[in-house]
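Subject: Handover of a structure and notes on its contents

Dear colleague,

Please find below the structure that I am handing over to you.

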Amino acid sequence: MDDRYGSDVLAAGWRERAAKPVPQVPAELDLVVEVADDGYCGAVTRVQGGNVELEDRLGRKRLFPLGGGFLIDGSPVRLTVPAPKEQGTRRTASGSFVVADQRARTALPSRILVEGKHDAELVEKVWGADLRVEGVVVEFLQGVDLLDELLAAEPPSDSRRYGVLVDHLVPGSKESRIADAVARGPHGRHVRIVGHPFVDVWQCVTPRALGIAKWPEIPRGTDWKTGICRAFGWPYETQGDTGRAWQHILSKVHTYRDLEPALLGRVEELIDFVTAPAA
């Protein structure tokens, strides 16, 4: 006789047979889940090292191990590591398309010279990938006053151009007088000097990127970088203090969107100038 209820209701595994399977859900970014233990509810912001980070509506973040113990719409789920997504067309920090499997080219004879170590670091961070593809080397120029010496020692030509980026290139400034003199001189055809209107390259980083309303105004007669550090409440007494302040500012730059247009256009102009085919 067939037993419709089974032969042994106390046999091992009866709980498992009765339990509903818990669905596995990839912990995708912005997925909203509830923690079953304490009711904490938040959206997924990060998955790393076997853990998932959740952020609630007040901006508070907590870390939990992946797996069971979560609810979605009141139903239990097991959070899993999301599958890696196929990468679409990627862009460099400057906004250019990434060239797949592109090795750095042999350096061109042409150069881009930047007036200041911080300027060079900023150009490298945003345009470094593009410059390596083009084979353009960025060199540190200690001061635009020394440009004449460099041009005399290594004269430019149609195949060896110099693009020069300087700070505070405004009418009547020392920098503008030097730029005009070079343009009128024997090397003017093969040298392009451009600049931004700011006192220092620090100001080329947008206030939005730093989370401030605007850059502080520093009185005349006060060293500008020292004044900036004072205004932000940062240490300012040594050169190391200034360097650390700049590294903090530079860390806020991720793409060209974090820079002022007055700098973006000038750097792009120099890249075009030094990479143009020789006539």
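This is a predicted model: local features need pLDDT of at least 70, side-chain atom pairs count only at pLDDT 80 or more; totals for chains, interfaces and linings use all residues.

Salt bridges

The structure holds 14 salt bridges, and a few of them are described here.

The pair K117 and E121 has its closest N and O atoms 2.8 Å apart. Both residues belong to helix α2, which covers residues 117-134. They are 4 residues apart, about one turn of the helix. E121 counts as partly exposed because its relative accessibility is 23%, a value that lies between the limits of 20% and 50%.

D145 and K174 form another salt bridge, with 3.4 Å between the closest N and O atoms. D145 is located in the loop between β9 (137-141) and α3 (147-153), while K174 is part of helix α4 (residues 174-184), so this pair ties together parts that are 29 residues apart in sequence. Both partners are partly exposed: D145 has a relative accessible area of 45%, and K174 has a relative accessibility of 37%.

R208 and D258 also meet through their side chains in a salt bridge, at 3.4 Å from N to O. R208 sits in helix α5 (residues 207-210) and D258 in the loop between α7 (239-251) and α8 (261-275); the pair therefore ties together parts that are 50 residues apart in sequence. Are these two partners buried or exposed? R208 counts as exposed because its relative accessibility is 54%, which is over the 50% limit. D258, by contrast, is buried, with a relative accessible area of 8%, and this value is under 20%.

Cysteines

How many disulfides are there? The count comes to 0, the rule being that two cysteine sulfur atoms must lie within 2.5 Å. As for individual cysteines, C41 is partly exposed at 41% relative accessibility, whereas C229 is buried at 0%.

The second largest pocket

The second largest pocket has a volume of about 160 Å³. Its lining consists of H168, V199, I218, P219, R220, T222 and W224. By residue class, this lining divides into 4 nonpolar, 2 polar and 1 charged.

With kind regards

Conventions
Residues are numbered from 1 along each chain as its sequence is written. Side-chain values use heavy atoms; hydrogens and water are left out. Buried means under 20% relative accessible area, exposed over 50%, partly exposed in between (1.4 Å probe, protein chains only). On a 1 Å grid over the protein atoms alone, a cavity is a set of points where a 1.4 Å probe fits but cannot get out, and a pocket is an open set with protein on both sides within 12 Å along at least five of seven lines; lining residues have an atom within 4 Å of a point. Grid points are joined across faces, edges and corners, and a volume is the space filled by probe spheres set on the points. Ala, Val, Leu, Ile, Met, Phe, Trp, Tyr, Cys and Pro count as nonpolar, Asp, Glu, Lys and Arg as charged, and the others, Gly among them, as polar. A salt bridge is a side-chain nitrogen of Lys or Arg within 4 Å of a carboxyl oxygen of Asp or Glu. Helices (H or I, at least four residues) and strands (E, at least two) are DSSP runs, numbered from the N terminus.
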